[in-house]
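Work through the following exercises with the chain in view, and check each step of the solutions against the model.

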Amino acid sequence: MNQVLLYVSVFLASVSFFLCCYACARVGKLLNSVKGLDWDTIASLTGDIGTIKKSIQTLNNRINGLNSPKLNDELLQYAIKQQSNVHDINKKHIGG
């Protein structure tokens with residue numbers, strides 16, 4: 001039983017060591033990728049992201065508004081009205 005616990009602890013220690021090395025490598029990679037950024041660039045990127053987010057929200061609101069049941073009912077009533085107008089015009093021209 002003691003040997004099993006020893007092997008399990010050695011295995012977990014080695015896994016945690018490799019995970020630590022992997023995390024350090026990722027942090028180093030991140031630091032190298034953002035090395036050239038200054039605060040002005042970050043501020044402008046943040047502003048651009050906010051503008052894009054607002055545009056996407058506005059577009060989604062427009063799309064959701066087009067699919068609303070109220071608008072569909074209005075479009076259906078308009079189509080029925082237009083169709084009845086076409087039938088009335090056709091009846092007037094019959095019989096010349």
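**Exercise 1: an exposed side chain**

Classify Trp39 as buried or exposed.

Solution. Trp39 has a relative accessibility of 72% and therefore counts as exposed, where exposed means over 50% relative accessible area, buried under 20% and partly exposed in between, with a 1.4 Å probe and protein chains only. Trp39 sits in helix α2. The model is predicted, so that local features need pLDDT of at least 70, side-chain atom pairs count only at pLDDT 80 or more, and totals for chains, interfaces and linings use all residues. Residues are numbered from 1 along each chain as its sequence is written, and side-chain values use heavy atoms, leaving out hydrogens and water.

**Exercise 2: the elements and their cover**

State how many helices and strands the chain has, and what share of the chain is buried.

Solution. The chain has three helices and zero strands, helices being DSSP runs of H or I with at least four residues and strands runs of E with at least two, numbered from the N terminus. From the N terminus, their order is α-α-α. Of the 96 residues, 0% count as buried, and within α1 the count of buried residues among its 32 residues is zero.

**Exercise 3: the span of α1**
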